[in-house]
Amino acid sequence: MYPLEHDELAAELGELLVARGEKVGVSETTAGGLISARMLSVPGASRWFDGGIVPYAGAQRWEQLGLDREIAREHGAVSPQWVAATAEGLKRAMGPAWTVAESGIAGPQGSRRSPKPVGSVAIACAGPHGTVTEEHVFPGTRAEVMVHISQRVLQLLIEQVGAAG
């Protein structure tokens, strides 16, 4: 289980960011700190990891990141619009070159307020050239969904940082 002694994805991300002289910030709801833990398991992470938040309660997100509650009301908290606003809000609040945000439904039961199935997640990566979003439905238990989310977030960051040149 995570964190690993040698997390290859997190180490690869760190190498890319160090080479660019950039840092990353994380807002993770469903993964509950697992993304940050994976990054921080890499020796020297302080050179490229700026920080993270686990805003599990909605009010924390709105206050810390200056988010517009209407986005959540209109699109839901597990939506590309919400996670994009979260990643962009984190970028404004913390200032790293890259930020990532995720929000989802880990289970074992679905949300009373959302028709989306267990395993649903929205992910956003905000970088120097804009924001990219994705939606997924990951299989498995609550813990397995959390691992899937952390895996995809690291992969997405590597793809985006690598493509930024």
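Glu134 belongs to strand β5, which spans residues 130-137, where strands (E, at least two residues) and helices (H or I, at least four) are DSSP runs numbered from the N terminus. The model is predicted, so local features need pLDDT of at least 70 and side-chain atom pairs count only at pLDDT 80 or more, while totals for chains, interfaces and linings use all residues. Residues are numbered from 1 along each chain as its sequence is written, and side-chain values use heavy atoms, with hydrogens and water left out.

Glu134 counts as buried because its relative accessibility is 16%; buried means under 20% relative accessible area, exposed over 50%, and partly exposed in between (1.4 Å probe, protein chains only). Its side chain makes a polar contact of 2.7 Å with the side chain of His136, a polar contact being a pair of N or O atoms within 3.5 Å, of which, within protein, one must be able to donate a hydrogen and the other to accept it, and residues adjacent in sequence count only if both atoms are side-chain atoms. Beyond the neighbours within four places in sequence, Glu134 is in contact (heavy atoms within 4.5 Å) with Val121, Ala122, Ile123, Arg152 and Leu156.

The largest nonpolar core has 32 residues, and among those that touch the most other members are Trp48, Trp98 and Ile149; such a core is a set of buried Ala, Val, Leu, Ile, Met, Phe, Trp, Tyr and Cys residues joined through side-chain atoms within 4.5 Å. Elements that each supply at least two residues of this core include β3 (98-104), β4 (120-127) and α6 (142-163), and α6 gives the most, with nine.
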